[in-house]
Amino acid sequence: MTARDANGGTWYMLRWGRDFAPRPATATDPVPPALDASLFWDDDRATLELLPKPPARPIAPLPGLAVEPGGAVYRVAPESGTLLARDCDGTERPIPCESHVLARPAGLALDRRGLLYVADPAARRVVVLLPDDGSVRDVLASGLREPVDVAVSPAGRIYVADRAAGAIVIFNARHTRRGRFAARNAEGLPATPRPIAVMVDADGTVLVADASHPRLLRFTALGEPLADVQLPSALATLGDAERDLGSRLAAGAAPADALLALYGDTMPSFAAGTCARVGECAPPVTRRDGATRLAAVHRALRLLRLRLGRAFQSFGTFTSAALDSGTLDTTWHRIDVDADIPGGSSLLLQTWTENDLAAFTAGPERWTAPLDERGRPVPVTGALPEQLVQSEPGRYLRLRLTVISDGSTTPSVRALRVIYPRVSYLDLLPRVYRRDAEGARFLERFLALFERRLTGIEDRYERFSIELDPDAAPADVLDWLASLINLTFDPSWPVERRRALVAAAMELYRARGTPAGLARYVEIYTGIAPVILERFLERPARAALLGRAGSPGAGGLPTAPPSAALPPDEQLYAEYAHRFTVLVYLLDPCDAEALLPVVDRIVELNKPAHTVHALRAIYPDARVGVQSSLGLDFVLGGRDAAGTRLGGCPVPGEPQPHPAILGHTSVLGERRPGYLRERELGL
């Protein structure tokens with residue numbers, strides 16, 4: 001993508017997946033971009049990053065922990081691998097009552113019916129228990145290989161993290177399997193998924209932690225991949241009370257006290273025990289429902305205890321396609337980098353320029369970069385996110401970006417902007433400063449430091465000038481411009497008409513209250529200039545009185561009741577004075593309902609306060625005696641359609657009448673013999 005700055009400098013912007021995607025060379029594209037296998041472009045987050053690397057030891061699943069809103073805590077003891085229930089009085093008891101029901105319990109979850117779901121990877125199933133007596137109510141085993149965690153959504157869906165299968169298996173509230181999805185994101189990462197934790201986010205999406213992926217995978221409720229989430233970002237969504245809950249439970253506080261501190265008087269409640277038949281309980285419908293609270297507590301407990309691997313590849317290189325300036329011996333200016341560069345990582349930029357495109361594939365590589373006093377390339381940092389191009393002038397430029405990390409983190413590159421040609425302040429100095437080629441080269445680069453700052457200021461001035469232009473201002477800025485001149489738009493105004501109104505505002509203010517000003521305002525909105533008829537122009541020269549010589553006694557004489565307050569002449573003036581009619585031209589009668597109220601408001605706000613107005617909609621019809629004033633309300637024409645509709649607006653879904661086409665299906669007068677045959681032959 002290319003653009004221009006205030007000094008006429010142009011740039012290429014590399015910010016889309018196609019700019020970074022590697023592809024083979026072809027005859028029409030001999031120098032395509034290249035990307036190391038250790039780097040990947042994340043389309044959802046629009047960033048170029050190092051690939052995560054499996055940790056030396058895969059992250060193990062969390063020991064099971066579930067908290068009931070009533071205050072009971074269910075946990076898996078790491079030392080013994082048994083499932084324990086701690087009641088409100090602080091005593092713990094093992095469950096279930098029957099022996100050999102659980103082989104090696106792992107993740108736990110509760111639903112709104114009070115059922116406890118226990119993932120048992122050794123037995124390849126999820127056991128559904130009634131915590132009150134430890135009895136088994138159901139078993140979920142369809143297609144499971146190593147279930148290590150389980151979560152229940154407020155809607156009743158049950159998500160099981162199957163580590164060996166690398167998938168999340170979905171069951172409904174009746175414990176019937178409803179599908180599965182691979183636990184990898186849209187980029188196909190991790191290559192070998194091993195989910196170890198699953199939870200339901202506040203917006204209904206599913207969060208999955210993987211044993212070897214540094215971020216939380218995120219999916220829709222049905223398993224469509226979404227953008228990954230950083231663990232710190234997910235933790236930031238927790239409130240202080242939810243964080244306090246985790247610390248209270250870790251410190252051995254009574255769960256009822258911890259939950260009371262979290263929810264206060266909004267402590268949820270849900271039906272203890274099960275329904276008459278499994279799955280018959282209705283999904284939650286209120287904000288205080290226990291299912292929503294259970295999912296929130298489940299998510300908070302997972303996030304507060306979760307530790308993800310943070311291992312990344314240590315090195316990766318991206319090489320751009322050949323960028324064409326269109327001019328031989330172009331002096332390329334600088335490269336701006338939009339990136340997050342955390343500690344322990346860095347970016348290096350190198351460039352290579354040629355006048356001949358074939359030299360990139362035939363000749364030796366000639367990469368150059370700024371060097372420090374020890375001859376080492378100067379890295380790009382957050383404090384210095386740009387670099388002057390050091391290569392010699394040339395029409396084409398290739399850019400090489402090297403991403404380096406100590407393995408604990410990765411830079412996130414969002415965009416690269418390559419600016420050309422160099423706007424040199426050296427051109428403004430006398431030629432004596434160019435005598436020494438090396439000195440001129442240094443001075444040009446030194447002055448570029450000031451050029452960048454000043455060009456940025458000039459860009460701001462230019463952007464401000466553009467935003468003051470109604471024809472170029474963004475839509476949100478347009479509303480601000482209108483407020484400066486005391487204009488407020490009706491919601492029905494399209495953006496194009498808003499721009500025209502702001503541009504004509506000064507003209508309209510000068511002509512406000514005049515027929516020309518009203519006509520121009522209405523024309524901006526409707527697109528067709530109206531006609532304004534002032535009633536005083538239609539007033540007779542004098543009043544017609546019966547019985548007076550020279551007055552007509554019949555014919556088209558309008559009569560009116562006499563007025564005791566005004567004599568006939570003054571009454572005549574009062575009936576015609578300060579009144580006018582606006583003829584509004586509309587192409588379609590169906591537009592009248594939306595347009596006429598807005599036109600009426602325009603006229604009402606801009607006419608002289610002492611005047612009275614009326615609106616008359618004029619359509620492209622010709623009706624003798626009704627619309628018969630040539631040049632005013634007599635319009636010949638119709639809709640641009642294959643046929644002629646005779647009145648009315650189309651009703652969606654209803655069959656339309658057969659079009660009547662004058663001279664083809666409709667003929668005025670008698671049709672002579674052979675007419676249709678002549679039409680077919682083109683006679």
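# Report on the predicted structure

Helices, of type H or I and at least four residues long, and strands, of type E and at least two residues long, are runs assigned by DSSP and numbered from the N terminus. The model described here is predicted.

## Overall composition

The protein contains 14 helices and 30 strands. Of its 683 residues, 43% are buried. When contacts between residues at least 6 apart in sequence are considered, 58% of them join residues at least 24 apart.

In soluble globular proteins, nonpolar side chains tend to be buried together. In this model, the largest nonpolar core has 31 residues, and those with the most contacts inside it are Trp493, Leu501, Tyr521, Tyr525 and Ile602. At least two residues of this core come from each of the helices α8 (475-484), α9 (495-503), α10 (505-510), α11 (515-526) and α13 (592-606), and also from the strand β29 (579-585). A second, separate core has 27 residues, with Phe20, Phe312, Leu399 and Leu416 among them.

Which residues does Tyr525 touch, not counting residues up to four places away in sequence? They are Ser492, Trp493 and Arg497, together with Ala594, Leu595, Val598, Val599 and Ile602. Two of these partners, Trp493 and Ile602, are themselves named among the residues with the most contacts inside the largest core.

## Two helix pairs

Two packed helices are described by the angle between their axes and the distance between the axes.

| Helix pair | Angle | Axis distance | Crossing |
|---|---|---|---|
| α11 and α13 | about 155° | 10 Å | right-handed |
| α8 and α9 | about 35° | 10 Å | left-handed |

How are α11 and α13 oriented to each other? Angles over 145 degrees count as roughly antiparallel, and the angle between α11 and α13 is about 155°; these two helices are therefore roughly antiparallel to each other. From α11, the residues that take part in the contact are Leu518, Tyr521, Val522, Tyr525 and Thr526, and they meet Ala594, Leu595, Val598, Val599, Ile602, Val603 and Asn606 of α13. By class, this contact between α11 and α13 comprises 10 nonpolar residues, two polar residues and no charged ones.

The pair α8 and α9 packs at an angle of about 35°. On the side of α8, the contact is made by Ala475, Leu478, Asp479, Leu481 and Ala482, and on the side of α9 by Val495, Arg498, Arg499 and Val502. Here the contact of α8 with α9 has six nonpolar and three charged residues, but no polar ones.

Pro530 lies in the loop between α11 and β28 (531-534). Is Pro530 buried or exposed? Residues under 20% relative accessible area count as buried; because the relative accessibility of Pro530 is 10%, Pro530 counts as buried. Along the chain, Pro530 and Val582 are 52 residues apart, yet their C-alpha atoms are 6.7 Å apart in space. Beyond residues up to four places away in sequence, Pro530 touches Ala519, Val522 and Glu523, as well as Val582, Leu583 and Tyr585.

## Leu84 in a strand

Leu84 belongs to strand β8 (residues 83-86). With 14% relative accessibility, Leu84 counts as buried. The C-alpha atom of Leu84 is 8.3 Å from that of Val73, which is 11 residues away along the chain. When neighbours within four places in sequence are set aside, Leu84 is in contact with Val73, Tyr74, Arg75, Ala77, Glu92, Arg93 and Pro94.

## Backbone features in loops

Leu189 and Pro190 are joined by a cis peptide bond with omega of about -10°, and Pro190 is in the loop between β17 (177-182) and β18 (195-200). The bond from Tyr420 to Pro421 is also cis, with omega near -20°. Where is Pro421 found? Pro421 is in the loop between β27 (412-420) and α7 (437-467).

Positive phi values are a further topic. Arg124 is not a glycine, but its phi is positive, at about 60°. Arg124 is placed in the loop between β11 (116-120) and β12 (125-130), and at 52% relative accessibility Arg124 counts as exposed. His578, likewise not a glycine, has a positive phi of about 60°, and His578 is in the loop between α12 (568-576) and β29.

Conventions:
Residues are numbered from 1 along each chain as its sequence is written. This is a predicted model: local features need pLDDT of at least 70, side-chain atom pairs count only at pLDDT 80 or more; totals for chains, interfaces and linings use all residues. Side-chain values use heavy atoms; hydrogens and water are left out. A nonpolar core is a set of buried Ala, Val, Leu, Ile, Met, Phe, Trp, Tyr and Cys residues joined through side-chain atoms within 4.5 Å. Buried means under 20% relative accessible area, exposed over 50%, partly exposed in between (1.4 Å probe, protein chains only). Contact means heavy atoms within 4.5 Å. Axes are lines fitted to C-alpha atoms, for helices over the stretch in contact, and angles run from 0 to 180 degrees between N-to-C directions. Angles under 35 degrees count as roughly parallel, over 145 as roughly antiparallel, 65 to 115 as roughly perpendicular and the rest as oblique. A crossing is left-handed if the near helix is turned anticlockwise from the far one by less than a right angle, and right-handed if clockwise. Ala, Val, Leu, Ile, Met, Phe, Trp, Tyr, Cys and Pro count as nonpolar, Asp, Glu, Lys and Arg as charged, and the others, Gly among them, as polar.
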